[in-house]
Amino acid sequence: MANGNEIVLDHTGFVGHGNTLAAWVTVGIMSMGVIVGVVGFTLGTTPLLIVGIGLVVVGLIAGAVLRSMGHGAGSEQRKHEARDHQG
């Protein structure tokens, strides 16, 4: 029995979900920074903690640079990939 309130989930379209070079690099570097920072904090090693915090900042900067170079979600390159994926 069908009614007008049914929700149809269509996952055939290109979504992306941040699956870009900029996103992967940002998350990868920042994850390493968090791991290094937590180890430094746990061991009470201030220099290691500072290196971890520095890696998180480097990850943010690397992601911003890659996004500005066209490797982010809103870039023209991603729009072309989405168009090619649908067709």
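In which segment is the place of Thr20?

Mentor: Thr20 lies in the segment before helix H1, which covers 21–43. Helices here are DSSP runs of H or I with at least four residues, strands are runs of E with at least two, and both are numbered from the N terminus. The model is predicted, so local features need pLDDT of at least 70 and side-chain atom pairs count only at pLDDT 80 or more, whereas totals for chains, interfaces and linings use all residues. Residues are numbered from 1 along each chain as its sequence is written, and side-chain values use heavy atoms, with hydrogens and water left out.

Thr20 counts as buried because its relative accessibility is 6%; buried means under 20% relative accessible area, exposed over 50%, and partly exposed in between, with a 1.4 Å probe and protein chains only. Its side chain reaches the backbone nitrogen of Ala23 at 3.1 Å. In space, the C-alpha of Thr20 is 5.8 Å from that of Gly72, although 52 residues separate the two in sequence.

The side chain of Thr26 reaches the backbone oxygen of Ala22 at 2.7 Å. Leaving aside residues up to four places away in sequence, Thr26 touches Gly59 and Gly63, a contact being heavy atoms within 4.5 Å.

The wider chain gives the setting. Three helices and zero strands are present, and from the N terminus on the elements run α-α-α. Helix H2 spans residues 46–71 and contains Ile61. Among contacts between residues at least 6 apart in sequence, 58% join residues at least 24 apart; the pair Thr20 and Gly72, at 52 residues apart, may be recalled here.

As for burial overall, 18% of the 87 residues count as buried. The chain exposes about 6600 Å², of which carbon and sulfur atoms supply 68%; these areas come from the Shrake-Rupley method with a 1.4 Å probe, and for residues only the protein chains shown count as cover.

Key. Polar contact = N/O pair within 3.5 Å; in protein donor to acceptor, adjacent residues only side chain to side chain.
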